[in-house]
Amino acid sequence: MAANLRSQQSSSIGVIITDIDNPYFAGVLMGVHDQLDELGYTITLGISFNSNVKQERQIDTMLENRVRGIILIPVH
């Protein structure tokens, strides 16, 4: 973590989905995980439960933790 703070970079990618129980989103998450794992990244997962407020909180938290990027399946 100290090295990440010095370089302002992270090996973590944030993924925010709306519904973990939906088989479609579970499949998307597995595919994203497999691809990012091959590239040496880890996933920080956020679930918005179709709430704009929770989605914004997840985004803010991930940015505070300096994820390298965010993959967002947005709330409707």
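User: What makes N22 the cap of the N-terminal end of α2?

Analyst: In this predicted model, a side-chain oxygen of N22 lies 2.8 Å from the backbone nitrogen of Y24.

User: How do you know that the span of α2 is close to the expected one?

Analyst: Helix α2 runs over residues 23-38, 16 residues in total. From its first C-alpha to its last it reaches 23 Å, against 22 Å expected at 1.5 Å a residue. Just after α2, G40 takes a positive phi of about 90°.

User: Why is Y24 called exposed and F25 buried?

Analyst: Exposed means over 50% relative accessible area, and buried means under 20%. Y24 has 58%, so Y24 is exposed. F25 has 14%, so F25 counts as buried.

User: Why is the pair of Y24 and F25 called edge-to-face?

Analyst: The ring centres of Y24 and F25 are 5.4 Å apart and the planes stand at 70°. Pairing requires centres within 6.5 Å, and planes over 60 degrees apart count as edge-to-face; the 70° between Y24 and F25 therefore gives an edge-to-face pair. The structure holds 1 aromatic pair.

User: Which residues make up the largest nonpolar core, and what does α2 supply?

Analyst: The core has 9 residues: I13, V15, I17, F25, L29, V32, L36, I47 and I73. The largest share, 4 residues, comes from α2. In soluble globular proteins, nonpolar side chains tend to be buried together.

User: Which residues is V15 in contact with, leaving aside its neighbours within four places in sequence?

Analyst: V15 is in contact with L29, V32, I43, T44, L45, G46, M62 and I71.

User: Why does S10 count as buried?

Analyst: S10 lies in the loop between α1 (2-7) and β1. Its relative accessibility is 10%, so S10 falls under the 20% limit for buried. The side chain of S10 reaches the backbone nitrogen of S12 at 2.9 Å.

Conventions:
Residues numbered from 1 in each chain as written. Predicted model: local features only at pLDDT ≥ 70, side-chain atom pairs only at ≥ 80, totals over all residues. Heavy atoms only, no water. Helix = DSSP H or I, 4+ residues; strand = E, 2+ residues; numbered from the N terminus. Expected span 1.5 Å × (residues − 1). Polar contact = N/O pair within 3.5 Å; in protein donor to acceptor, adjacent residues only side chain to side chain. Phe/Tyr/Trp six-rings, centres within 6.5 Å; stacked < 30°, edge-to-face > 60°. Buried < 20%, exposed > 50% of the residue type's maximum accessible area, 1.4 Å probe, protein only. Core = buried A, V, L, I, M, F, W, Y, C linked by side-chain atoms within 4.5 Å. Contact = heavy atoms within 4.5 Å.
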